[in-house]
Amino acid sequence: MKKSNFIPYFSLLLLVLHLNVLASESTEQRKLKNKIHNFSSKNIDIDMSTKWSLLGLYLEKYDDNYTFIKNPKLKMFNSNLITNISSDTAVDPTGEMSEIYLKNNVLVNRNDSSNANNIKLYTSYAIFYLSKDLIETDRDVTIITSDSTTTGSGLSANLDTGLITILSDAERTIKEGDQLQKIKGNQMIYNTKTDEWVVKKKPASNLKKSIRDKVTTTFDLN
């Protein structure tokens, strides 16, 4: 009886060890192709206008195009809008600047010269989809405008449309003169173009779950 129980356990142990070896071999297969210190890069369209610029302390590019960036500073240009995005590190898994994974001290600073509207957004982890001008996270966020500070859990921010959605546990503190007013909601949507806020009773649970799954998998979080 003990022998029959031992064999499956031993087989499972061998399987786990085998998978660990495969994972180790897979990691070792990625080879550093080049490393550039104090690098800078620009994306220029057919009209010779700069769409974005990127610089960092250093960039590591691997043979499968996986790209690691230390202290990235990304600047996006869109008409009157200039958006600065920075973090401690960033990963571009394909090297095509379609998705960037931002980790630790993520800051998004959005300036609109047409109405002098400035927005700052802070979080710990975020995924930025460049092709969609979309930033998403399931982590805690803080949004600072000229007259308010808003906190919450989870975020979906479309930099093109100007819609910023706090997915749950939203709380906004508004300053009017010497007075402070607090507004709470399970979800808040901020339209940066009209400077209007909408409070909703229900959290965006489904969207937050899909973002959480992507963030957790991407950054190997528990």
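Is arginine 212 buried, partly exposed or exposed? Arginine 212 is partly exposed, with a relative accessible area of 34%; here buried stands for under 20% relative accessible area, exposed for over 50%, and partly exposed for what lies in between, with a 1.4 Å probe and protein chains only.

The structure is a predicted model, in which local features need pLDDT of at least 70 and side-chain atom pairs count only at pLDDT 80 or more, whereas totals for chains, interfaces and linings use all residues. Residues are numbered from 1 along each chain as its sequence is written, and side-chain values use heavy atoms, with hydrogens and water left out.

The chain holds 2 helices and 14 strands. Of the 222 residues, 38% count as buried. The accessible surface comes to about 13,400 Å², and 52% of that surface belongs to carbon and sulfur atoms; such areas come from the Shrake-Rupley method with a 1.4 Å probe, and for residues only the protein chains shown count as cover. Among contacts (heavy atoms within 4.5 Å) between residues at least 6 apart in sequence, 39% join residues at least 24 apart.

The interior may be considered next. In soluble globular proteins, nonpolar side chains tend to be buried together. The largest nonpolar core in this model has 31 residues, and Leu74, Phe128, Ile135 and Leu155 have the most contacts inside it. A nonpolar core is a set of buried Ala, Val, Leu, Ile, Met, Phe, Trp, Tyr and Cys residues joined through side-chain atoms within 4.5 Å. Elements that give two or more residues to this core include strand E2 (50–62), strand E4 (73–78), strand E7 (99–112), strand E8 (117–129) and strand E9 (134–144). Apart from this core lies another, of 13 residues, among them Tyr129, Ala204, Val215 and Phe219. Leaving aside neighbours within four places in sequence, leucine 74 is in contact with Trp52, Ser53, Leu54, Thr83, Asn84, Ile85, Met97, Ile100 and Phe128.

E7 and E8 run antiparallel and are joined by 12 bridges. Arginine 110 stands opposite isoleucine 119 in E8. The hairpin of E7 and E8 has 4 residues between the strands, and alanine 116 takes a positive phi near 55° there. E8 and E9 also run antiparallel, with 6 bridges joining them, and tyrosine 122 stands opposite threonine 142 in E9. In the hairpin of E8 and E9, with 4 residues between the strands, aspartate 133 takes a positive phi near 55°.

The model has 8 salt bridges, each a side-chain nitrogen of Lys or Arg within 4 Å of a carboxyl oxygen of Asp or Glu. Arginine 212 forms one with aspartate 138, their closest N and O atoms being 3.8 Å apart. Because arginine 212 lies in helix H2 (residues 205–219) and aspartate 138 in strand E9, the pair ties together parts that are 74 residues apart in sequence. Aspartate 138 counts as buried, at 7% relative accessibility. Asp138, Arg139 and Arg212 are linked in a network of salt bridges.

Helix H2 also contains lysine 209 and aspartate 213, which are 4 residues apart and so separated by about one helical turn. Their salt bridge has its closest N and O atoms 3.2 Å apart. Lysine 209 is partly exposed, with a relative accessible area of 47%, and aspartate 213 is partly exposed at 40% relative accessibility. Elsewhere, lysine 182 forms a salt bridge with glutamate 171, the closest N and O atoms being 3.4 Å apart. This pair links lysine 182 in strand E12 (residues 179–185) to glutamate 171 in strand E11, 11 residues apart. Lysine 182 is exposed, with a relative accessible area of 54%, whereas glutamate 171 is partly exposed at 24%.

Finally, the structure holds 3 aromatic pairs. Rings of Phe, Tyr and Trp (its six-membered ring) pair if their centres lie within 6.5 Å; planes under 30 degrees apart count as stacked, over 60 as edge-to-face and the rest as tilted. Tyrosine 62 and tyrosine 66 form an edge-to-face pair, 5.8 Å centre to centre with 70° between the planes. Tyrosine 190 and tryptophan 197 are stacked, at 4.4 Å centre to centre and 10° between the planes, and both are buried.

How values were computed. Pairing = 2+ DSSP bridges.
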